[in-house]
Amino acid sequence: MGDRGRLHVSGELAGVLEKIEALGGLLDERADTAEELGRLPEDTARVLLDTGIVRAEIPLSLGGYEFAPRQLIETVERTSYHDAAAGWTMFALQLMTGTTAAYLSADASAELFPDVPNGKYALLSGHGTRPGRAVPVQGGYRVSGQWQFASGMAHATHIHSAIQVEGTGELRVLAMPKSQVTLDGNWDVLGLRATHSVDYHCTDVHVPHEYTYVATTDTPVNGGAIYRLGLVNMSAIGHTGWALGVGRRLLAELKRVAAARTGSRGAAVDTSQFHAEYATAEARLRAARAWVNDVWQDVERSLDQGRLPSTEQDTLIRLALNHTTSTVYEVGRTVHRWAGSAAIRRGPIDRFLRDLGTGAQHITSSPVVLQNCGKWLSGAQPDARWSFLDLT
């Protein structure tokens, strides 16, 4: 079973970040190709995986790095700064691979993660909402369903999907080979085009019981304290890091535009209004990042003391993600307003704005989640608890 003691803080963070940073030029260079393909080129995905970014969320007991939450946020933030689609793809693979490794039975995880240090482990992609149907049979379930938004599926070997057990209504998550589902190939979108977030389906596929786990579990089979966060809170880590990285890159790009245009005739970037709005955007992004750090530092302290997150901490995790995403969206509006033609021609600003517009639509940052946070914080539902993204 997972160690219910202190939170593991990995010594591998600096090395992983250094490797990610070294790929910045390559990711910029390959971004247009990735959009045309609708996925990361295989060699790009491979060098990103070789940085250890997915290994970062695999339990230490299986040969992973088992980064702490703020370490994971930083790895996603740095990757997303260089390429929003690459960051999204990698944190999706990171999340689903790491949680599968933590929550599956010992026998199943041993089969899927035989030699993590040498790169021999399953990569999982899929979707955790809108569950498929699971009919209990001898030794497991007959699974049928259709799922959406399988980010990173082009690079996955296995599927992560939510299922609902017929008769009991129990929600579980499965892991099964990608060859057992049909990919619908329908990722035709404006933003995050290179994430290959396709829909997929299957009919009456047998999944052994040991290759499933209870979707709401906060008790890891492998790994330590971080996996007590549960699946939804683990998901918030990646989405938060992604938004921070995208916001920082957009401001950096606007700064480059301003440097190139300053002093030219009628340059909008020479006005006091531009300077004030840039400063405001910078302040908002830094404030959001500081609050993210504050929220997760408090959660890490609880995990390190052997406790589960409280309802207040669960609420603030969701609220910090929602706030960060909306803040970065507003930063994007500022960048779009002042970047002029750089915001409409093919290039980093155009691509990052489109990716931000799509990423900000994710269910974890929806208005309903924000409303639920307000219900608990305002005292309207003081006895309610979180069940995924619902307050019940």
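**Close-up views of a predicted model**

**Figure 1. Strands β3 and β4 form a hairpin.** In this predicted model, five residues lie between the two strands of the hairpin, and G167 in the turn has a positive phi of about 100 degrees. Strand β3 covers residues 158-165 and strand β4 covers residues 171-177; the two pair in the antiparallel sense over seven bridges. H158 has P177 of β4 as its bridge partner, and H160 stands opposite A175 in β4. Strand β4 is mostly covered, with five of its seven residues buried.

**Figure 2. Seven strands make up an open sheet.** The order of the strands is β5-β6-β2-β1-β3-β4-β7, and their pairing is mixed. At the edges stand β5 (182-183) and β7 (212-214); each has a single partner strand, so one side of each is left without a neighbour in the sheet. Helix α5 (residues 84-103) packs on the sheet and touches β1 (124-137), β3, β4 and β7. The direction of α5 makes about 40 degrees with that of β1.

Figure 3. R172 has V214 in β7 as its bridge partner.

**Figure 4. Strand β6 pairs with β2 and is joined to β5.** Strand β2 (residues 140-150) and strand β6 (residues 198-208) pair over eight bridges in the antiparallel sense. A150 stands opposite V198 in β6. Strands β5 and β6 also run antiparallel, with two bridges joining them. The bridge partner of T182 in β6 is H201.

**Figure 5. Helices α8 and α9 pack against each other.** Two packed helices are described by the angle between their axes and the distance between the axes. For α8 (residues 272-304) and α9 (residues 311-339), the angle is about 160 degrees and the axes are 10 Å apart. Angles over 145 degrees count as roughly antiparallel, and α8 and α9 are therefore roughly antiparallel to each other. The crossing in which α8 passes α9 is left-handed. Among the residues of the contact of α8 with α9, 16 are nonpolar, seven are polar and four are charged.

**Figure 6. Helices α1 and α4 pack together.** Helix α1 (residues 13-22) packs with α4 at an angle of about 10 degrees, and their axes are 10 Å apart. That angle makes α1 roughly parallel to α4. From α1, the contact is made by L13, V16, L17, I20 and E21. From α4, the residues in the contact are Q71, E74, T75, R78, T79 and H82. The residues of the contact of α1 with α4 divide into four nonpolar, four polar and three charged.

**Figure 7. L60 lies in the loop between α3 and α4.** Helix α3 covers residues 42-50 and helix α4 covers residues 69-82. The relative accessible area of L60 is 44%, so L60 is partly exposed. Not counting residues up to four places away in sequence, L60 touches H8, Y65 and E66. L60 and N222 are 162 residues apart in sequence. In space, L60 and N222 are 8.3 Å apart, C-alpha to C-alpha.

Conventions: Residues numbered from 1 in each chain as written. Predicted model: local features only at pLDDT ≥ 70, side-chain atom pairs only at ≥ 80, totals over all residues. Heavy atoms only, no water. Pairing = 2+ DSSP bridges. Helix = DSSP H or I, 4+ residues; strand = E, 2+ residues; numbered from the N terminus. Contact = heavy atoms within 4.5 Å. Axes fitted to C-alpha atoms, helices over the stretch in contact; angles between N-to-C directions. Parallel < 35°, antiparallel > 145°, perpendicular 65-115°, else oblique. Left-handed = near helix turned anticlockwise from the far one by under 90°. Nonpolar A, V, L, I, M, F, W, Y, C, P; charged D, E, K, R; others polar. Buried < 20%, exposed > 50% of the residue type's maximum accessible area, 1.4 Å probe, protein only.
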